Structure formats: structure tokens, C-alpha cells
Amino acid sequence: LKKICEYFSVEQALISEYQLKQELACITYSYTESESPQLVQTVLVQPLDMVKGYDDLFNEHGIFCTNDLEIVNGKCPYVYNSLKYSGIKSMVNIAFTEKEKFLGFLSVNDFKSARVWTDNELHLLKAITSFLHHVIINYNREQDQLKIRHFDNITGLPMFPSFLTAGNRLLAAKETPVKFALLSVDINKFRHFNLNYGFSIGNEILTSAATLLRGFTEANELCT
């Protein structure tokens with residue numbers, strides 16, 4: 001993203017991904033030049049409902065290019081307010097699509113002045129976006145496989161083999177002897193809830209317990 005900013009002489013480039021199952025729009029990667037006059041921190045995660053209609057701004061080639069933010073206001077006031085407040089003068093968005101589904105976009109933003117984007121620049125950005133999309137898909141697939149192997153799919157906590165590996169690494173990192181404690185937690189009558197209310201309720205209890213424990217876990221502690 002830094003190279004994109006340097007090549008096109010712009011101040012910001014970011015990638016927004018639409019997570020359709022979670023109904024979220026997430027800015028997963030971003031780069032902003034330090035001298036940029038942007039005043040507010042970008043919202044990293046927001047409900048898809050908040051950005052509803054934004055994808056209608058893209059043309060049949062998956063490109064949305066404008067120097068007039070009022071166009072955004074007509075389709076998506078929430079995004080318009082964010083863009084206006086940030087001080088963007090010119091922007092180009094190139095869509096990520098798969099099987100005609102809108103999955104996000106690469107956004108290249110100029111804070112200094114409005115500009116005319118040439119066809120060659122737009123074609124190059126589209127090629128870059130296509131490449132980035134494939135890289136992100138492969139990376140996300142690898143991360144999903146990693147989570148399946150090392151993390152519980154209900155609680156999101158590390159599974160016991162990963163816990164042992166991380167624990168041994170933590171113990172080995174200490175140069176001087178340090179005392180450690182191991183805390184084991186049981187959920188009272190958990191089997192009763194599973195049998196009488198169903199496994200979905202049991203999973204909710206596990207998830208709530210994991211979230212509570214994770215909230216009390218410090219950076220140098222492990223929870224599984």
C-alpha cells in the first residue's frame with residue numbers, strides 16, 4: 001500500500017473487506033502518509049448496514065472515481081460524513097468481486113487536491129487490485145486453516161497442544177526462575193444445560209466463559 005501511495009503520489013491507500021457472514025465491513029489494511037491532514041482515525045469495523053448502498057456507486061467495471069463527495073452522500077450518508085470529515089479531495093475505489101458478489105475494495109485517496117485519473121492509471125489500479133484480492137484470499141484461507149488446527153472453533157481459545165507449545169515457549173523465555181500458577185475452571189452443571197436446553201445453549205455458555213476468562217488474561221498469561 002505504501003508503494004501504491006508513492007507511485008500515484010497520494011496520501012492514503014486502504015483495503016476494505018466485506019465479511020458477509022458476520023455482516024461487517026472491515027478496513028483490514030491501510031497506509032497513510034504522516035504528513036496527511038487526516039484528522040480522525042479510520043473506523044476499522046462497522047456493520048454492513050452502515051455502508052449499505054455504497055457498492056451502488058461502482059460502475060460496470062468495478063470502479064468508483066470522484067472528486068465530488070456529494071455523490072457519496074446521495075447513496076451512503078454515513079460514509080459521506082466520514083470522508084468529508086477526513087478531508088479527502090479525490091478518491092478511487094476498485095471493487096473486489098467474486099461470483100458477482102461485492103466483497104470490498106481498494107481505496108486510493110488524495111487529501112491535497114482534486115485530480116483527473118487517467119485511463120492508464122485506472123487500468124493499473126484494477127490490475128493491482130486483482131492481484132491483491134488473490135493474495136488476500138489465499139492469506140485468509142491459510143489463516144482459517146491455521147485456526148482450525150490450533151484454535152477451538154466454539155470459544156476461539158487455543159487448543160491444548162497449542163497451549164502446551166506456547167506455555168513451554170513462555171517458560172523458556174524466562175532467564176531467571178519465576179513462579180507460575182495453573183488455574184483450572186469448571187462450569188457447574190454444564191452437562192445439565194447441554195442435555196436440557198441443547199448444545200447451542202451449551203456453546204453460548206462456553207463462549208461467554210471464554211470471553212470472561214480472556215478479559216482477565218494478561219499479555220504474559222495463557223488461557224485455553
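Q: What do buried, partly exposed and exposed mean here?
A: Buried means under 20% relative accessible area, exposed means over 50%, and partly exposed is whatever falls in between (1.4 Å probe, protein chains only). The model is predicted, so to speak, by record as well as by method: local features need pLDDT of at least 70, side-chain atom pairs count only at pLDDT 80 or more, and totals for chains, interfaces and linings use all residues. Residues are numbered from 1 along each chain as its sequence is written, and side-chain values use heavy atoms, with hydrogens and water left out.

Q: To which class does E100 belong, buried or exposed?
A: E100 counts as exposed because its relative accessibility is 82%. Its place is in the loop between β5 and β6, where helices (H or I, at least four residues) and strands (E, at least two) are DSSP runs numbered from the N terminus.

Q: Where is K189 found, and what is its phi?
A: K189 is found in the loop between α5 and α6, the latter covering residues 190-197, and K189, which is not a glycine, has a positive phi of about 55°. With a relative accessible area of 65%, K189 is exposed.

Q: How many salt bridges does the structure hold?
A: A salt bridge is a side-chain nitrogen of Lys or Arg within 4 Å of a carboxyl oxygen of Asp or Glu, and the structure holds four of them.

Q: What does the salt bridge between E11 and K112 tie together?
A: The side chains of E11 and K112 meet at 3.8 Å, N to O. E11 lies in the loop between α1 and β1 (12-19), while K112 lies in the loop between β6 (101-110) and α4 (119-150), so the pair ties together parts that are 101 residues apart in sequence. As for accessibility, E11 counts as buried, at 4%, and K112 counts as exposed, at 60%.

Q: With which residue does R115 form a salt bridge, and is the pair buried or exposed?
A: R115 forms a salt bridge with D110, and the closest N and O atoms of the two are 3.8 Å apart. Both R115 and D110 are buried. Salt bridges that share partners join D110, R115 and E121 into one network.

Q: What is the volume of the largest pocket, and which residues lie nearest its centre?
A: On a 1 Å grid over the protein atoms alone, a pocket is an open set of points where a 1.4 Å probe fits, with protein on both sides within 12 Å along at least five of seven lines, and lining residues have an atom within 4 Å of a point. Grid points are joined across faces, edges and corners, and a volume is the space filled by probe spheres set on the points. Read in this way, the largest pocket has a volume of about 1200 Å³. Its lining consists of 35 residues, of which F163, L182, L183, L222 and C223 lie nearest the centre of the pocket.

Q: Which helix gives the most to the lining of the largest pocket?
A: Helix α5 gives the most, with seven residues. Both α5 (160-172) and α7 (199-215) supply at least two residues each of that lining.

Q: Where does the largest share of the lining of the second largest pocket come from?
A: The largest share, nine residues, comes from α4. The second largest pocket holds about 960 Å³ of space and is lined by 21 residues, with E17, Y18, Q19, N140 and D144 nearest its centre. Apart from α4, elements that each supply at least two lining residues include β1, β2 (24-32), β5 (90-98) and β6.

Q: How far apart are T207 and L157 in sequence and in space?
A: They are 50 residues apart in sequence and 9.4 Å apart in space, C-alpha to C-alpha. T207 is found in helix α7 and counts as partly exposed, at 31% relative accessibility. L213 also has its place in helix α7, and at 32% relative accessibility L213 counts as partly exposed.
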